[in-house]
Amino acid sequence: MTLVQKTISPRAWAELLVLSLIWGGSFLSIRIALDEIGPLTTVAHRTGWAMLILWTYVILRRLPIPKEPRIWAAFLVMGLLNNVIPFSLMAWGQLHIETGLTSILNAATAIFGVIAAALFFADERLTMRKAIGVTLGFFGVATAIGLSALMQFDIRSLGQLAVIGGTISYALAGVWARKMMGGLTPQVAAAGMLTGSSLITIPAAWFIEGPISLTLQPDTWAAIAYYAIIATAVAYLLYYRVLAMAGSGNLMLCTLLVAPVAIILGAVVLGEALPLRAFIGFGLLALGLIILDGRLLKPIQNRLRRA
């Protein structure tokens, strides 16, 4: 998971901001859908509709579709790690905590990603700079959750821990993608992953939460359309465009921009009010991500070398 940094063009900046706005809005849309459907059904809609859209894109672009059973097995595991587990845990968590807090804790994905990469890849060792960034990130998460929440350990505490569990699953998905899914067209990889996800989530939702009804309230359908079509299918395509233009290092900025969008939407639409510790925790987490990114430290390092 080496961070490749490039100079960001105005067009890349614009698309990076659009991607951040899209993903920031996904937390609100999921919370709206949860008022009528269960967490697993929410995820089944998300992966199912996004899968259909991405395969339509792949077919129209005539991209090569893999035929090896090994790759399709990898899609299944990738779908479990990158969609089924984190989407389900975070959707359940949002039933018990604010959307803004969910987005703050979700930003810890990059922190756990660095740790997972260091554990599984020899070329991703934990340097001093990374260790400092990870430590600050952990302090940020702990501050956002609050020690009192862990001591009481009520349903709200479980909701926060569920979201953290989702971020750990995201980190493991990054390891799996690097080991097993190299060389695939990104759009095909995303479509295959969502296929693996849907093969799990649709039967699971049907069995646990009952038959998946298509007779839903208009605002529920609007929410599903947003988080499945815009925040998943379209966002994946936009993500790979930004990745090609700006590099993976600059995409870390998206992690910092998503949370404020979700916090503002939660406050304006749902009337959420986060405790001060959540903002302090996000500040520490953001500082940790900036240190992991490293670019702001380069001028200081250059001055020290010249001195």
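At what angle do helix α2 (residues 39–60) and helix α9 (residues 186–209) pack, and how far apart are their axes? In this predicted model, the angle between α2 and α9 is about 150°, and their axes lie 7 Å apart. The chain holds 12 helices and 0 strands, and 50% of its 307 residues count as buried.

**Overall fold**

- Read from the N terminus, the elements of the chain run α-α-α-α-α-α-α-α-α-α-α-α.
- Among contacts between residues at least 6 apart in sequence, 88% join residues that are at least 24 apart.

**Helices α2 and α9**

- An angle over 145 degrees counts as roughly antiparallel, and α2 and α9 are therefore roughly antiparallel to each other.
- The two helices, α2 and α9, cross in a left-handed sense.
- The residues that form the contact of α2 with α9 comprise 18 nonpolar, 9 polar and 1 charged.
- Helix α2 itself has 22 residues and spans 32 Å from its first C-alpha to its last, which is close to the 32 Å expected at 1.5 Å a residue.
- Beyond residues up to four places away in sequence, Ile202 touches Ala44 and Ile212.
- Ile202 counts as partly exposed because its relative accessibility is 33%.

**The loop after α2**

- Arg62 is located in the loop between α2 and α3 (69–94), just after α2.
- The phi of Arg62 is positive, at about 55°, although this residue is not a glycine.
- Is Arg62 buried or exposed? With a relative accessible area of 76%, Arg62 is exposed.

- Helix α5 (residues 109–120) packs with α6 at an angle of about 135°, and the axes are 9 Å apart.
- Helices α5 and α6 are therefore oblique to each other, and α5 passes α6 in a left-handed crossing.
- On the α5 side, Ile111, Phe112, Val114 and Ile115 take part, and they meet Lys130, Gly133, Val134, Gly137 and Phe138 of α6.
- Sorted by class, the contact of α5 with α6 consists of 6 nonpolar, 2 polar and 1 charged residues.
- The axis of α5 also comes within 10 Å of that of helix α11 (residues 276–293), and the two axes cross at roughly 45°.
- Helices α5 and α11 are therefore oblique to each other, and their crossing is left-handed.
- Ala110, Ile111 and Val114 of α5 make this contact with Leu285, Leu289 and Leu292 of α11.
- The contact of α5 with α11 has 6 nonpolar residues, with no polar and no charged ones.
- Ile111 and Val114 of α5 take part in the contact with α6 and also in the contact with α11.

**Leu136 in α6**

- Leu136 lies in helix α6 (residues 128–145).
- Which residues does Leu136 contact, leaving aside its neighbours within four places in sequence? Leu136 is in contact with Leu284, Leu285, Leu287, Gly288 and Ile291.
- The C-alpha atoms of Leu136 and Gly281 are separated by 9.4 Å, and these residues are 145 residues apart along the chain.

**Helix α4**

- How many of the 8 residues of helix α4 (residues 99–106) are buried? The count is 8 of the 8, so α4 is largely enclosed by the rest of the structure.
- The buried residues of α4 include Gly100, Leu101, Ile104 and Leu105, and Thr99, Thr102, Ser103 and Asn106 are buried as well.

**Ser29 in α1**

- Ser29 sits in helix α1 (residues 10–33).
- The cut-off for a buried residue is under 20% relative accessible area, and Ser29, at 6% relative accessibility, therefore counts as buried.
- Not counting residues up to four places away in sequence, Ser29 touches Ala223, Tyr226 and Tyr227.

Technical notes
Residues numbered from 1 in each chain as written. Predicted model: local features only at pLDDT ≥ 70, side-chain atom pairs only at ≥ 80, totals over all residues. Heavy atoms only, no water. Axes fitted to C-alpha atoms, helices over the stretch in contact; angles between N-to-C directions. Helix = DSSP H or I, 4+ residues; strand = E, 2+ residues; numbered from the N terminus. Parallel < 35°, antiparallel > 145°, perpendicular 65-115°, else oblique. Left-handed = near helix turned anticlockwise from the far one by under 90°. Nonpolar A, V, L, I, M, F, W, Y, C, P; charged D, E, K, R; others polar. Expected span 1.5 Å × (residues − 1). Buried < 20%, exposed > 50% of the residue type's maximum accessible area, 1.4 Å probe, protein only. Contact = heavy atoms within 4.5 Å.
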